Amino acid sequence: AQYRREPIVWLDRLCIDQTAITESLPLLPVYLAGCNSLLVLAGPTYMQRLWCWVEIFVWLEIGGEARDTVILPLANFSLGDEIDVRRATCYLPEDTDRLLSTVDASTLHGVEAFNGRVRALFVRALFLRESDRSLRSVRSRTRSPSHKLSIGRFSSARDSARPRIGGQIVVE
């Protein structure tokens with residue numbers, strides 16, 4: 001309000017009173033609804049912290065999609081094979097119980113469906129990020145006189161993992 005413009009960034013850690021989280025929680029959907037995109041800085045403990053899951057839960061419930069979600073994996077982040085909100089905890093056990101029951105009661109098919117939605121969001125967002133990075137890399141190489149880009153057909157199983165352009169692969 002002081003600068004007469006909408007905020008550019010909302011940081012949950014700074015904007016939610018960490019000593020009064022219970023009172024701030026009802027405002028989380030309002031805060032996230034005002035965001036055009038969600039940036040997740042996912043470190044090694046991200047999937048173990050239930051409050052992180054709650055933010056993802058709210059983001060999905062208000063219609064957040066992978067194309068509007070940027071996930072930046074930090075050192076040692078791993079999505080893991082089993083995504084399960086029931087493995088995440090809060091500092092206070094009563095917060096863990098309350099939030100897990102809220103997630104379970106608020107999703108159409110319970111916690112299992114929510115776990116699937118979170119996995120899909122992370123996989124899609126990470127894929128979109130990687131695809132965008134690959135496309136930028138290809139574009140930068142085609143502009144550089146020292147690199148040539150040619151298009152070729154699949155020649156082996158090894159080539160099937162390379163980026164495709166119109167059914168063909170990019171060959172350096």
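In this predicted model, the largest nonpolar core comprises 35 residues. Those with the most contacts inside the core are Y46, M47, W53, I56, V118 and F122. At least two residues of this core are supplied by each of helix 3 (28-33), strand 1 (38-42), helix 4, helix 5 (93-106) and helix 6. Helix 4 provides the largest share of the core, with nine residues. In soluble globular proteins, nonpolar side chains tend to be buried together.

Helix 4 covers residues 50-61. Its twelve residues should span 16 Å at 1.5 Å a residue, and the end C-alpha atoms are 16 Å apart, in agreement with that expectation. Ten of the twelve residues are buried, so helix 4 is largely enclosed by the rest of the structure. The buried positions are L50, C52, W53, V54, E55, I56, F57, V58, W59 and L60. After the helix comes G63, which has a positive phi near 100°.

With residues up to four places away in sequence not counted, I56 touches L38, V40, Y46, V118, L121 and F122. Of these partners, Y46, V118 and F122 are also listed among the core residues with the most contacts.

N115 is buried, because its relative accessible area is 4% and the cut-off for burial is under 20%. Apart from neighbours within four places in sequence, the residues in contact with N115 are W53, I83, D84, V85 and R86.

Key. Residues numbered from 1 in each chain as written. Predicted model: local features only at pLDDT ≥ 70, side-chain atom pairs only at ≥ 80, totals over all residues. Heavy atoms only, no water. Buried < 20%, exposed > 50% of the residue type's maximum accessible area, 1.4 Å probe, protein only. Contact = heavy atoms within 4.5 Å. Helix = DSSP H or I, 4+ residues; strand = E, 2+ residues; numbered from the N terminus. Expected span 1.5 Å × (residues − 1). Core = buried A, V, L, I, M, F, W, Y, C linked by side-chain atoms within 4.5 Å.
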